[in-house]
Protein chains: 2
Amino acid sequence: MMKNFGNSRGYSILLVLFSSLFGTNAFLASPTITLNQKLSVSPLQMSSTESDDAGIHVMVNGMPGPMATAAAEACLRKGMKLTPVAMTGPDIEPMTIMVYDPVSQKSQEVRLIPSTQKEELSASIEGLKSSYGEKNVLAIDYTHPLAVNSNADFYVDQKLPFVMGTTGGDREKLMDGVNGAKHFAVIAPNMAKQIVAMQAALEDLSRKFPGSFASYKIACRESHQKTKADTSGTAKAVIDSLTELSDDEFTYDDIEMIRDDQGAIDFGVPEEAMNGHAFHRYTLTSADGTTQFALEHNVSGRTIYAEGTADAVKFLAGRVKEENDGKVYSMIDVLEAGGLE
Amino acid sequence: MMKNFGNSRGYSILLVLFSSLFGTNAFLASPTITLNQKLSVSPLQMSSTESDDAGIHVMVNGMPGPMATAAAEACLRKGMKLTPVAMTGPDIEPMTIMVYDPVSQKSQEVRLIPSTQKEELSASIEGLKSSYGEKNVLAIDYTHPLAVNSNADFYVDQKLPFVMGTTGGDREKLMDGVNGAKHFAVIAPNMAKQIVAMQAALEDLSRKFPGSFASYKIACRESHQKTKADTSGTAKAVIDSLTELSDDEFTYDDIEMIRDDQGAIDFGVPEEAMNGHAFHRYTLTSADGTTQFALEHNVSGRTIYAEGTADAVKFLAGRVKEENDGKVYSMIDVLEAGGLE
């Protein structure tokens, strides 16, 4: 049962949300609720950059869904603050939750307002901007595929820069709407910054040296939680690069999918990640078998996506301060800017 | 015992050399000698490109050393021809050997002339050029570190384009001499084309997105034959890139070296490769351990180096035909040209 603490600001009972592994639908996931959790907050030690980041206030929309909650925790971990109000799903009762990051041991209360109450949300955003500064309030969206386009329209109307982590919706309309309004947003199908970097490296390699692995045979195995029916999109993208490097006639159908517990365990997936993981291993093997290259990217849980999302917010806050006109940025833009820090 | 067939052209007794795994010194390695080996030569099917390659005649210097012999086999396999004479070490008796490539089942006789007999070698090279065309004769050098500079000088004097696979010697003098003479050469410390490509991809990634794997921990294990005392140079180069991507303070001393049979077997090295292999595994692991990237490059024997050398010869033959002035090319140049084919 979801308890509703409404607008209560009292600290006597804290509602602490810990993100559990991958829910398929952010709004429908039921969080673990811990009452009277004792929090020991460590003293904040900030460098000048961290001090800048501390000025960033992030409205994380989609809590108490586990992906939104993980992103909120990552924002705290990376030195940013959460806005005291955020948007939740239309069917979720208004409530106040406590977001707690176990790594930094930072915590912050957030009051969740259903997405149907647009006027209250709009007034709150106005208030946040006048409190923290127009350019210091940004949103993260981990809501629902059906909400992607209406939420994006709302952010544009509110002049609220946003990072869209929610997949689905009409993506072309999404991109066109944001670019047309010269609005600031990071929109990416995969927020895992390091995986995007790895994919980019392989794409670059296949463009620079196509055919350099001619006569090498490709193999690919990937394991995901049982609920994922389709083949890994990342695996497909990597295979696109590998088939440029090699002349092997490997197709997506040749990707070996593992969707059972025993297969996953044999593949090296930890037992606690059975319900949420993305493990991949690719090999390129020479015709005579004497040389083999292998690449693995193995993810348990959602930390990498949450932290990539927080990095995207930091990046976007920088763009908002430096550029007059906004546009849609990608994770590649986030990665490139990271090198300039 | 090494048999000397001198200038004999008779086919009644064939001396067939099979390259064995990695000798530490090309000239001192003793090849397996098979007498009266029956050869079944398959019909030559050539595309137009292969037809061009068939015009290339390669003087493979350093046979019967195993690396030179493997390179000669790779030249046959990749559709080129061997010159009927080549240079061998000063202490090796003149002899005629049969180079046989088991994959293409092509074979060719080569008479080896000791490097001390420079006048005979010089006259032979003149003869080869007038027979096959000035631009169709190129050399491969897998000789001895002590011979690197004098051999390079000899090739420059003879206007003989060359691929230098031999390591050691005075490298600066080597590069300056070739570039100064505008001579055509490929000189590379590592002829394994695909490993060079992988290293380049990692270097590019670390230049484009430095710090993108901040907070990730680096680990590296490598296994080589027991006779290799020092740490893998490729591992060091890869670590240079990984430490740009991550902020982990990983040093070369943290590379875990495996130099014993049991350790190698546990690491996945095939038993037949105990005396010649180069296995590497690197991991980047996120601070909370939920994400791991892994890269492996595992080489048994010397095929990858031999085939990279043959690819370098093909590349160099193209440059000789298209450019007026030569220079030192690298394996990156070879890789880049490969994409244009």
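A: Contact here means heavy atoms within 4.5 Å. By that rule, 35 residues of chain A are in contact with 35 residues of chain B. The model is a predicted one, in which local features need pLDDT of at least 70, side-chain atom pairs count only at pLDDT 80 or more, and totals for chains, interfaces and linings use all residues. Residues are numbered from 1 along each chain as its sequence is written, chains are lettered from A and ligands numbered from 1 in the order in which they are written, and side-chain values use heavy atoms, with hydrogens and water left out.

The size of an interface is often given as the accessible area lost when the parts come together. Buried area is the accessible area (1.4 Å probe) that two parts lose on being put together, summed over both. Between chain A and chain B this area is about 2,900 Å², and carbon and sulfur atoms give 56% of it. On the chain A side, A:Gln194, A:Phe209 and A:Phe293 lose the most area to chain B, together 19% of what that side buries.

A:Asp204 forms a salt bridge with B:Lys208, with the closest N and O atoms 2.7 Å apart. A polar contact is a pair of N or O atoms within 3.5 Å; within protein, one must be able to donate a hydrogen and the other to accept it, and residues adjacent in sequence count only if both atoms are side-chain atoms. The count between the chains is 15 residue pairs in polar contact, both residues at pLDDT 80 or more.

Helices (H or I, at least four residues) and strands (E, at least two) are DSSP runs, numbered from the N terminus. The elements that give two or more residues to the side of chain A touching chain B are helix H6 (193–208), strand S14 (291–300), helix H9 (303–322) and helix H10 (331–338) of chain A. The residues of that side divide into 17 nonpolar, 11 polar and 7 charged; Ala, Val, Leu, Ile, Met, Phe, Trp, Tyr, Cys and Pro count as nonpolar, Asp, Glu, Lys and Arg as charged, and the others, Gly among them, as polar.

Two strands pair if DSSP finds at least two bridges between them. S14(A) is joined to strand S14 (residues 291–300) of chain B by 9 bridges, and the two run antiparallel. Within this pairing, A:Leu295 has B:Leu295 as its bridge partner.

Within chain A, 6 strands form an open sheet with parallel pairing, in the order S4-S3-S8-S9-S10-S15. Its edge strands, each pairing on one side only, are strand S4 (81–82) and strand S15 (328–329). Strand S8 (residues 137–141) and strand S9 (residues 162–164) of chain A pair in the parallel sense over 3 bridges, and A:Ile140 has A:Val163 as its bridge partner in S9(A).

Strand S7 (residues 106–114) of chain A pairs with strand S6 (residues 95–101) in the antiparallel sense over 7 bridges. Strand S5 (residues 85–88) of chain A runs parallel to S7(A), joined by 4 bridges.

Technical notes:
Salt bridge = Lys/Arg side-chain N within 4 Å of Asp/Glu carboxyl O.
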